[in-house]
Amino acid sequence: MTTVAKLLEFKKENVKELASIIKALTFREIGKLSATPGGLRIVVGDGALQQNIIKIMINSFPGNAYMETCFFSSFVCRDETIEVNFPLKALSECLNLGDASSSSLSLSYAGFCEPLMLKIHDGNHSVKAKIHTLSSNETNDFNFEVSEIVANCILKTTFLHDFFRDLDTTSPNLVIEVSERELSFVTQGEIGMTTCTIPLKSLQMDVIACSRPVTYGYRLSAIQRMTPAIGLSNRASLRIDNRGVLNLQLMIDHGDSLKSYIEFFVGFFFN
Amino acid sequence: MRFSAVLCDETSVESFSKFIGATSKLGRKRCCIRIQNDGLCFMSCEKLQDGGCWFCIFLPRTGQMFRQYDFSGFNDRVEEQNLIYLEANVDNFVKVLKGNLCYLKLKLTRTPAPDQDPIIRIEVRSVDSDIIRHEVPIKIIMSRHWSQYEKPSLGRRKMSIYLPPPKSLYKVLQTYKNLNATVIAFNASSGGDLRLEGTMDQGEIDVLFNDLSNDAAETDSQEDWARVKLMLKTVFPLFQSFFFCNSRVKLNIISNQMAEFSMRSDDHQLCFIVGNVTE
């Protein structure tokens, strides 16, 4: 009897690395798994056609020069593009069962209407899971054009995480102001106005590139969803385009030159 | 009938509070307290029904917990009757034992009115306060009703296996709970394997533990695998209450009928029986 080859199969050592990334994205019920032979993305959309949409992706490309330090120990995608929706919490909880550093994961997907099949080995126990999938739908990709970027800041995330974690939750919005000398975050809540500024000369800030000063406001509830992901990351690239769409790209350094990325897009609320 | 017990240090009182807390999680509003010569038992008032449970938490007087223990039962001349059975609302004890207490005294006390049940007088003290006295109402159970609190008989054809550490199982059950699973199948093999199966709206998760030990002396089942399905909401509080314990839990499965979880250490013994769920 011949076994049908799976459309997508990958293996990963140290399941905790993937578990913490998925957990940071589990603020919506459904995520989209999007795979190509070049790598894997997981997209979490916040509805469509509204300005406070968030889109988060993990990009991880095993086909680069550092094959021995790939995020996945093996990765096979037998189609040009595979897209499937799945319940995020189910995947997050399964991955959480592999918390030893010696744990390993294998995941496969056979195609339309088939479930995600997971196997996790973790020292003294093993997990077999079947996660139902749903058909994929269109998500807003924001058309974030590199040529239209009006502000770009590259910074470390230590201070950024502390600040985001302590955001004044009575403020409905977060205002981001970028000039060629500094990046500021402003909230206005019950305790008053809070401004946090990271100047270019700060050790946290690497680069500010700003063609003109910009000020845009974003829904605080949308911004807060980034906080767990910022906590996992080492560096951030914050960009705003001429439409006011915010793009925050976070780099997670797993060591041994192994990196993965989480990216957020947020539509502005006012300027 | 006579009973009083004293606990004199923070560790003992904290342990005692944890067991009272466990009693309130495992059972319903009321529990049965059986006071006997060798210790205290907190027991279920419920009968074992489809998906229901029976439990007994025994705190021996010879452990580290009790500094003083004085007891005389219903009829101290006959061993089988040298017991006191009473029922009480567990929450009354839980409320009294809040805080960092370093002293606890329990005493069965008559009330002035002759036709009223006695009460349990509880004296507690924390490091920075004086003694506070509480009175918890109880109901004495007559000896003709004692049999209704007996441990359900398990029957034969048991598969007996020592489970992984409570903390590991608690984490797995927490996962099932987070995904709204209702029924978990426990499968134990004669070769030391334990497999948990849960089916949810979002999919299915099976967890397999290997290299566990069977209790050959207690196993009288001829099966390779024994299986029982239990309500997660019944079995989860057991591991939620005892995940801090280092002692191993033993599981006896009578296929498609019931499961018995038991735990033994110097300061407590636990028996928890759950009925199979028929879907």
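Between chain B and chain A the count is one salt bridge, the term denoting a side-chain nitrogen of Lys or Arg within 4 Å of a carboxyl oxygen of Asp or Glu. The partners are Glu204(B) and Lys130(A), whose side chains meet at 4.0 Å, N to O. The model is a predicted one, in which local features need pLDDT of at least 70 and side-chain atom pairs count only at pLDDT 80 or more, while totals for chains, interfaces and linings use all residues. Residues are numbered from 1 along each chain as its sequence is written, chains are lettered from A and ligands numbered from 1 in the order in which they are written, and side-chain values use heavy atoms, with hydrogens and water left out.

The interface between the chains involves 16 residues of chain B in contact with 17 residues of chain A, contact meaning heavy atoms within 4.5 Å. The two chains bury about 1,500 Å² between them, 52% of it on carbon and sulfur atoms; buried area is the accessible area (1.4 Å probe) that two parts lose on being put together, summed over both. On the chain B side, Lys171(B), Gln202(B) and Glu204(B) lose the most area to chain A, together 35% of what that side buries. Seven residue pairs, both members at pLDDT 80 or more, are in polar contact between chain B and chain A. A polar contact is a pair of N or O atoms within 3.5 Å; within protein, one must be able to donate a hydrogen and the other to accept it, and residues adjacent in sequence count only if both atoms are side-chain atoms. Helix H3 (166-178) and strand S14 (203-209) of chain B are the elements that give two or more residues to the side touching chain A. S14(B) gives the most to that side, with seven residues. Helices (H or I, at least four residues) and strands (E, at least two) are DSSP runs, numbered from the N terminus.

Chain B itself is divided into domain 1 (2-149) and domain 2 (159-275), with bounds from an automatic or database domain assignment. The C-alpha centres of these domains of chain B lie 28 Å apart. Their contact takes 20 residues from domain 1 of chain B and 19 residues from domain 2 of chain B. The two domains of chain B bury about 1,600 Å² between them, 68% of it on carbon and sulfur atoms. Across this interface the rule finds zero salt bridges, and three residue pairs (both at pLDDT 80 or more) are in polar contact. From domain 1 of chain B, the elements giving two or more residues to the side that touches domain 2 are H1 and S4; the largest share, eight residues, comes from S4(B).

Strand S4(B) also belongs to an open sheet of nine strands in chain B, with the order S10-S6-S2-S3-S4-S18-S17-S16-S11 and antiparallel pairing. Two strands pair if DSSP finds at least two bridges between them. Strand S10 (139-140) and strand S11 (158-162) of chain B are the edge strands, each pairing on one side only. Six bridges join S4 (residues 53-60) to S18 (residues 269-275) of chain B, and these strands run antiparallel. Within this pair, Ile57(B) stands opposite Leu270(B) in S18(B). Helix H1 (residues 10-26) of chain B packs on the sheet, touching S2 (30-36), S3 (39-44), S4 and S18 of chain B.

Terms used:
Axes fitted to C-alpha atoms, helices over the stretch in contact; angles between N-to-C directions.
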